[in-house]
There are 2 protein chains.
Amino acid sequence: MRLSQYFLPLLRENPSEAQIVSHRLMLRAGMIRQSSAGIYSWLPLGLRVLRRVEQIVREEQDRSGAQEILMPTIQPAELWRESGRYEDYGKEMLRIRDRHDREMLYGPTNEEVITGIVRDAVKSYRDLPKNLYHIQWKFRDEVRPRFGVMRGREFLMKDNYSFDLDAAAAKHSYNKMFVAYLRTFARMGLKAIPMRADTGPIGGDLSHEFQILAETGESEVYCDRRWLETDILAEELDYDSDLEPFFRQWTGLYAATDEMHKPESCPIPADQLVTARGIEVGHIFYFGTNYSKPMGAVVAGPNGEEVPLEMGSYGIGVSRLVGALIEANHDDAGIIWPESVAPFRLGLINLRPADDKCRAAADDLYGKLSNIGIDVLYDDRDESPGAKFAAMDLIGLPDQLIIGPRGLAAGNIEHKRRRTGTRQDLPLDSVVQQFARA
Amino acid sequence: MRLSQYFLPLLRENPSEAQIVSHRLMLRAGMIRQSSAGIYSWLPLGLRVLRRVEQIVREEQDRSGAQEILMPTIQPAELWRESGRYEDYGKEMLRIRDRHDREMLYGPTNEEVITGIVRDAVKSYRDLPKNLYHIQWKFRDEVRPRFGVMRGREFLMKDNYSFDLDAAAAKHSYNKMFVAYLRTFARMGLKAIPMRADTGPIGGDLSHEFQILAETGESEVYCDRRWLETDILAEELDYDSDLEPFFRQWTGLYAATDEMHKPESCPIPADQLVTARGIEVGHIFYFGTNYSKPMGAVVAGPNGEEVPLEMGSYGIGVSRLVGALIEANHDDAGIIWPESVAPFRLGLINLRPADDKCRAAADDLYGKLSNIGIDVLYDDRDESPGAKFAAMDLIGLPDQLIIGPRGLAAGNIEHKRRRTGTRQDLPLDSVVQQFARA
C-alpha cells in the first residue's frame, strides 16, 4: 500500500481524552476514531490488526475442533426470561423495543441464544460433543467507558459454548479451551496467565481468567513469583488425548484474581506472592446444567433417558486484545507490533521521492516485495525524512527499509528493526530474497 | 469435515413459515435458524457461504482501490440530526436509549458516520480521492420481515462511500463501483442487471440498482428483451482509465425499476420490453454534496478555497445474496451452488461405513483431498444410501464422489455433477489428481 493513497490520519499531538498508552497510540496512529462514548470506528490500519488477531483466534478454535457459527447481535428478551437472567442483568444490558414494542436487547453474551439453537437441533447423545464458536460484536452499556477499545461499549468478542453428555466430558471440553487459549495468546507473543476466577453473572463451578500483567490493568491480581520467569509456549497437543495433566501443570503455580484471592488461605508464602495489575483477555467457565435445565436443553441418553446438557462457555476479547497488545508492546516512539499481528510486515521509506533514482529503486522494490506476497506499507509521500521516520516508528511495523540517495549510490538500503532499533546496510539486490525467506 | 461430527441440523419436512424456496432450503439444509422475526443465526454451513460471498465482495472492492474500515453498529442520533435525516427516517430505524438516556440508533446505513470521520481526517484536496468500504451488520426494523435472509431485519451489507473534489471525479468513482459491482456478481455466476433507479431516502441525482430476475423478486422491473440473452462478464479493466465508455455500454440497453419506468416515455417499443420480477442485490448512488454541505465536510482546494466533498454511496446486500443465489440456483432436490461460493468443493459419500474396505478407501481419499487443500464434506454417517444421496443433493455441493462396495471391487468410485446430474465412474487412483487440477 502506498502511504500517499492510504487513509491513515496520523495525529501529531497526544489526544487529551486518552488516559492510557494504547488508547493514545491507537488514536495517534490512525487506527481508530471514536464514534460515541466507548464506541469506535476501525480505520484501515486498525482493522488490519483486528483481523489478524481474529484470525489467530479462529485458527486455534478450528484446531481444537470447535465449529464457527454467527449469531445475531439483537436478541429477543423472552429467551433471557427463560434462563432467568433478563431481570438480573442490570443496566449494562442495552435494552431495546422494536416498532411492535417487543422487548429486544443487544447481546452482551450468548448463552441463551446458543442454548436455544442446540436444544432444537441436538436430540441424541450421539450428536455430542459439540463446541460452537462465533466472533461477533457485543454491547455492554458500561457506565464509564474508558481506555479506548480496552473498555468500550461495543466490542468484538469470540465466545463459544460446549455441550456434553456428562461432567467428565464437559471437563475435557473445558481443558481443550484451556489449551487453545494458551496457544492463542502465545502466538500473539502475549503472556496471559491463567488465574482461578469468579464466575460472576455467567454462573458455574469452575472458571479461569487469562490475565496479562500490565501497569494499566484494571484489576488487581495475585500470582506466584515464578510466573514472572515462566514462558508460556504454543505447544502442539493432541486434543483427543487426556489434557488433564497439561491443565494441572499450568494451574499448579498459584494465580488468582482479586475476587478469588484470600490472603488467609493463600497456599504460598507472602514473599513468593506477587501483587500486580492485570488485563483480562480471556475467560472460561464450566457451569454444568445452569442454562440447559431451565431452558429444557436435553438429549436422549444411551438408555433413552432425558439428560440435560453439560455446558461451558469461553470468551476472548478480540478488540480488547488489540489494546492489550499495545500495552505490552510499545516505547516512547510508538507501537512495536509482534510479527504475528502486525498490520504490514514491512515499512518502506523513500527518503527522497523527488529524486528519480530513489523513486525508481523504491517503486521497484515495492513491486517485487508485493509480488511475492509481502505486505508492505510504502511511504512515498512528499514529507521530510524526520516526519517519515516518526510516522513509521509510531505505526510500529516490525521492519523498516530506508532508501536514500547516499546509500543507493553504494547499492545499499538501510534496514531497521523496530523492536531493537538496530540498523544495518543491506545490498539492495539481496533484500527481496532475504524477506522472501523470513 | 466429517459429517458425523459436523453441526448440520437438516430438516426432512418443509418448514411451514417459509414462503419462498431460498428460505425453505436454507432452513432445511441447516444453514440458518431464526432467532426472532427477521433475525437469523448462521450455522456452520450457511456461514461458510456467507463468508465466501463476503470475500468476493471484498476482493473486488480492494481491486477497485477502495479501502476497508469497520464502523460500529450503534450510532449517535446527533450525527443524524446534522444531516437532517433523524426525524425523517421513520420506523425502520431502530432507535435506542442508553443508560444515560442518550439517543442512539442501530445503523441502517452509514453516510453520517463516514462523513463525520472524513471531515475530521481529510483537510486538503491532495488527500482525495478516497473510497472507504465496510462490511458490517445493519438493522432495518421492517414492519413485516419475510423471505428469510432476503428481507430480514438484521442483515450484512457492504457499504462504501466515495469522496472527491468535483463532480467529474465523483462520476469516475461511481463508474469504478459500477464496474466492481458487475464483476462481483458475475464472479458469483449471477446476472445482475444494472437498472436506472430512484434515489429514495439516500437522495441524489444518479442511481442504479443491480437486479437479478427471479419469480420471487419483490419488485417489478422493466428491461429490454435483449438483456435476457446478454451475458455479463467479469471483465478485467484498468480502474485508472476512462470508464465512461464501459458505463455507457452497460447502461445502453434499457432497464429500469418500477419507480423509474414511465410507460409514456419508455424509449423502446412495447414488444421489445420485458416486465419481470427482480431481486435487488446492489444499489449505487451519486448524491454530490447532500451530506457534506450540511455536515461541513470540506477540504481546502488547490487555491485554498473551501470545497464541500462530492460524495457517492454504494451498497451490496451480502446476506441477501446468499438467498438470491439459491433463488437462482436450485432444483426440486435442493440447492446447486456455483463453485465460487460453494461451502465445500466436494461431497464424499461412503455408502457402507460398516464395510472395512469402503471405510479405508473413503478415509484415505478424504485425507488425501484435504491434504491438498480441497474442502471436502465427508458423509461418514451410519445412514441409508437414500438418506445420504438426499442430504448431499439438498446441500448442493458442486461435485459428489460416491464410494460403495461394488464400484470399489472394480477400483472405481462414482462421480456425480450436482448441476447436471451426470454420473460417471472414475478410477479411484485418479480422483485426487483430477480434483487437484480443477
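Leaving aside neighbours within four places in sequence, B:Ser124 is in contact with B:Val299 and B:Ala300, where contact means heavy atoms within 4.5 Å. That makes a handy starting point for a walk through this structure. Before going on, note that this is a predicted model, in which local features need pLDDT of at least 70, side-chain atom pairs count only at pLDDT 80 or more, and totals for chains, interfaces and linings use all residues. Residues are numbered from 1 along each chain as its sequence is written, chains are lettered from A and ligands numbered from 1 in the order in which they are written, and side-chain values use heavy atoms, with hydrogens and water left out.

Back to B:Ser124, which sits in the loop between H4 and E7 of chain B. Those labels come from DSSP runs, numbered from the N terminus: helices are H or I runs of at least four residues, and strands are E runs of at least two. Is B:Ser124 buried or exposed? With 16% relative accessibility, B:Ser124 counts as buried; the cut-offs are under 20% relative accessible area for buried, over 50% for exposed, and partly exposed in between, using a 1.4 Å probe and protein chains only. The side chain of B:Ser124 also reaches the backbone nitrogen of B:Arg126, at 2.9 Å.

Over in chain A, have a look at A:Asp242, in the loop between strand E11 (219–224) and helix H6 (244–251). A:Asp242 counts as exposed, at 58% relative accessibility. A polar atom of the side chain of A:Asp242 lies 3.0 Å from the backbone nitrogen of A:Glu244. If you want a sense of distance, the C-alpha atoms of A:Asp242 and A:Trp137 are separated by 34 Å, and the two residues are 105 apart along the chain.

For a helix tucked away inside, go to H8 of chain B (residues 318–328). Ten of its eleven residues are buried, so helix H8 of chain B is largely enclosed by the rest of the structure. Among the buried ones are B:Val318, B:Leu321 and B:Ile326, and also the charged-looking names B:Arg320 and B:Glu327. Next come the salt bridges, meaning a side-chain nitrogen of Lys or Arg within 4 Å of a carboxyl oxygen of Asp or Glu. How many salt bridges does a search of the whole structure find? Over all chains, the search turns up 80. One of them pairs B:Glu82 with B:Arg119, with their closest N and O atoms 2.7 Å apart. B:Glu82 belongs to helix H3 (residues 77–83) of chain B and B:Arg119 to helix H4 (residues 111–121) of chain B, so the pair ties together parts that are 37 residues apart in sequence. B:Glu82 is partly exposed at 33% relative accessibility, while B:Arg119 is buried at 18%. Some salt bridges share partners, and in this way A:Glu59, A:Glu60, A:Arg63, A:Arg183, A:Arg187 and A:Glu236 are joined into one network. Chain A also has a salt bridge between the side chains of A:Arg151 and A:Glu142, at 3.3 Å from N to O. Here A:Arg151 is partly exposed, with a relative accessible area of 24%, and A:Glu142 is buried, with 11%.

Now for the place where the two chains meet. The contact takes 52 residues from chain B and 52 residues from chain A. The size of an interface is often given as the accessible area lost when the parts come together. Between them, chain B and chain A bury about 4400 Å², 60% of it on carbon and sulfur atoms; buried area is the accessible area (1.4 Å probe) that two parts lose on being put together, summed over both. Which residues of chain B lose the most area to chain A? They are B:Phe7, B:Leu70 and B:Arg99, which together make up 17% of what that side buries.

Two salt bridges are counted between chain B and chain A. B:Arg153 forms a salt bridge with A:Asp98, the closest N and O atoms being 2.9 Å apart. On the side of chain B that touches chain A, the largest share, five residues, comes from strand E7 (residues 130–139) of chain B. The residues on that side divide into 30 nonpolar, eight polar and 14 charged. In this sorting, Ala, Val, Leu, Ile, Met, Phe, Trp, Tyr, Cys and Pro count as nonpolar, Asp, Glu, Lys and Arg as charged, and the others, Gly among them, as polar.

Finally, how do the two copies relate? Chain B can be laid on chain A by a turn of 180° and a shift of 0.0 Å along the axis, with an RMSD of 0.0 Å. The two copies are thus related as by a two-fold rotation axis. The superposition is done by least squares on the C-alpha atoms of residues with pLDDT of at least 70 in both. In chain B, the C-alpha nearest the axis is that of B:Ile96, 2.9 Å from it. Of the interface residues of chain B, 98% are also interface residues in chain A, so the copies meet through the same surface.

Conventions
Polar contact = N/O pair within 3.5 Å; in protein donor to acceptor, adjacent residues only side chain to side chain.
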